[in-house]
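Welcome! Let us take a short walk through a protein structure, one part at a time.

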Amino acid sequence: MGIVAGLDSSSAFTHIVVCDTDTGAVLRQGYAAHPVEAKATEVDPQAWLLSLGEAASGGVLEGVEAIGVSAQQHGLVPLDRQGNLVRPALLGNDRRAQASAADLIDGLGGRQAWAEAVGSVPQAAQAVAKLRWLARTEPENARHVAAVLQPHDWLVWQLLGRPARRTTDRGAASGTGYWSAGSGSYRPDLVELALGHQAALPEVLGPADTAGTTPEGLLISAGTGEIMAAAFGLGVAAGDAVVSLGASGSVMAVHHEALADPRGMITSFADATGMHLPVVHTSNAVRALRGTAEMLGLDGGPEELSELALKSTPGASGLVLLPYLEGERTPRLPHAAGTLSGLRRESMRPEHLARAAFEGMLCSLTDALDVLRGRGVEVRRVFLLGAAAELPAVRALAPAVFGTQVVVPQPEQYAALGAARQAAWALGVSRGTLDPRTPPAWRGAAAQVLEPGDELAVGRAVRQQYAATRDQIHPGAFGDGDAV
């Protein structure tokens, strides 16, 4: 038996879990908020170290032999030749680079060219777009950028005492916009296209590799981005998809190869095990529930809306809500508005509108799931994440609408657990007790399993009603049969 730690530095806090290397059992935990504004778009990375130090206080890391690091994705930490910060780090929620992302798309010859190059089309959040924004709006700072790191890379580098060697992993690298999950290599020409000159990029480590050892003898594993760490902590594998219910939504699945999508609906991430994590995003998920609750004057929000929805029947008496309230990414309808269709005297009741909101949200996410299925991704079960996964209406409707088994994991710090599992893997490989191709077999997440049962036909009917309305209002939105 040994002890390892996983450290997750999210956008708002640092969470540390200390685990048994053999079973993954959590022995102790540490937590600290970042000393920054909750919605800050840029920050001095020293704030992450301050938070880390506080989370590790009180002997949390006592006896730990290895640490894995997970951190918020899409951040940009620009360094000069001496390894000092050129300016505060730019965070993933910074939308100022939207025009820069569009410039880059045109600069390489369109969306298909980017999809083929790196498996994704530039978005404002990505490091490549932030580099272009820096070159356009802060040219003096841009000229001093000699190296580029992401938050997880920077934290690993700091823990190791700022060595000459800087590292990342394939999961974090796949979100930059200048590393290809398909080829497993950087595209330095895209860095130059964005920044105006070359910059040093961190070495990309394999899943079980070691980034280094601290002077005290503590092994530091490769680390990874939060999405990849959470998937590893959940224990998802081929045949699994993860649907995340936030204000917006996302669907990702474990797949054996990278997927290039010229329309840009699929972002081709690498995972933390050597596999791939194709991801499809929707702009609207729980925001459709909140908006409907407000429209109906429900002070209890989505919770009260859920109770009301269960008083209706499947198909919501013919009401269909296309929840494209903030435009939509899947299908690509950036300027669309939401649509409520099927209004008749008998359907104009609060419970039917409530039900239509839940069915619309889940059908929209199933559209995203079908984009992956249409590219050969196998989906045998769906993990449902987010606070909305606890709503009775979501649990009642999701298995039938998704058409598969639904797993609702118990809330845990899965990114920190995934980082700890990676640390145990690297430690075992370094000692010759684990295979670099096979991660430690920790017990899976505690979860409730929901089966569609006899409701599959009902779910198909709800989907068909939704698809007919979608195709009538937005003909050709899915031009090649990705969604049905």
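Two strands are said to pair if DSSP finds at least two bridges between them. With that in mind, look at strand β16 (residues 239–245), which pairs with strand β17 in the antiparallel sense over five bridges. Within this pairing, V242 stands opposite M252 in β17. Keep in mind as you read that this is a predicted model.

**A strand with neighbours**

How do β16 and β17 connect? A hairpin joins them through three residues. Strand β17 also pairs with strand β19 (residues 276–282), again in the antiparallel sense, and here there are four bridges. On that side, G249 has T282 of β19 as its bridge partner.

Is β17 buried or exposed? Five of the five residues of this strand (residues 249–253) are buried, so β17 is largely enclosed by the rest of the structure. You can check this face by face: G249, V251 and A253 are buried on one side, and S250 and M252 are buried on the other.

Strand β13 (residues 210–213) and strand β14 (residues 219–221) pair in the antiparallel sense over three bridges, and G212 stands opposite I220 in β14. Five residues lie between these two strands, and G217 in the turn has a positive phi of about 90 degrees.

In soluble globular proteins, nonpolar side chains tend to be buried together. In this model, the largest nonpolar core has 57 residues, and those that touch the most other members are V243, L245, L305, F358, M361, L384 and F402. Helix α12 (residues 350–373) gives the most to this core, with 13 residues.

Take V243 as an example. Leaving aside neighbours within four places in sequence, V243 is in contact with S250, V251, L365, V382, F383, L384, L385 and F402.

**Aromatic pairs**

How many aromatic pairs does a search of the whole structure find? There are four, and the table shows two of them, F13 with Y31 and W48 with W154.

| Pair | Centre to centre | Angle between planes | Type |
|---|---|---|---|
| F13 and Y31 | 5.5 Å | 40 degrees | tilted |
| W48 and W154 | 5.9 Å | 80 degrees | edge-to-face |

F13 lies in strand β2 (residues 13–20) and Y31 in strand β3 (residues 26–33), so this pair ties together parts that are 18 residues apart in sequence. W48 lies in helix α1 (residues 46–55) and W154 in helix α6 (residues 151–159), so their pair ties together parts that are 106 residues apart in sequence. W48 is buried, with a relative accessible area of 2%, and W154 also counts as buried, at 2% relative accessibility.

**A recorded domain, and a serine in a helix**

An unreviewed UniProt entry lists residues 241–427 as "domain: Carbohydrate kinase FGGY C-terminal". Over residues 241–427 the chain is 36% helix and 21% strand, and the end C-alpha atoms are 28 Å apart.

To finish, find S430 in helix α14 (residues 414–431). Why does S430 count as partly exposed? Partly exposed covers the range between under 20% (buried) and over 50% (exposed), and S430 has a relative accessible area of 45%, so it falls in that range. A polar atom of the S430 side chain lies 2.7 Å from the backbone oxygen of L427. S430 and D209 are 221 residues apart in sequence, yet 8.4 Å apart in space, C-alpha to C-alpha.

Note on methods
Residues are numbered from 1 along each chain as its sequence is written. This is a predicted model: local features need pLDDT of at least 70, side-chain atom pairs count only at pLDDT 80 or more; totals for chains, interfaces and linings use all residues. Side-chain values use heavy atoms; hydrogens and water are left out. Buried means under 20% relative accessible area, exposed over 50%, partly exposed in between (1.4 Å probe, protein chains only). UniProt positions are given in the numbering used here, feature names are shortened, and annotations may be inferred rather than shown by experiment. A polar contact is a pair of N or O atoms within 3.5 Å; within protein, one must be able to donate a hydrogen and the other to accept it, and residues adjacent in sequence count only if both atoms are side-chain atoms. A nonpolar core is a set of buried Ala, Val, Leu, Ile, Met, Phe, Trp, Tyr and Cys residues joined through side-chain atoms within 4.5 Å. Contact means heavy atoms within 4.5 Å. Rings of Phe, Tyr and Trp (its six-membered ring) pair if their centres lie within 6.5 Å; planes under 30 degrees apart count as stacked, over 60 as edge-to-face and the rest as tilted.
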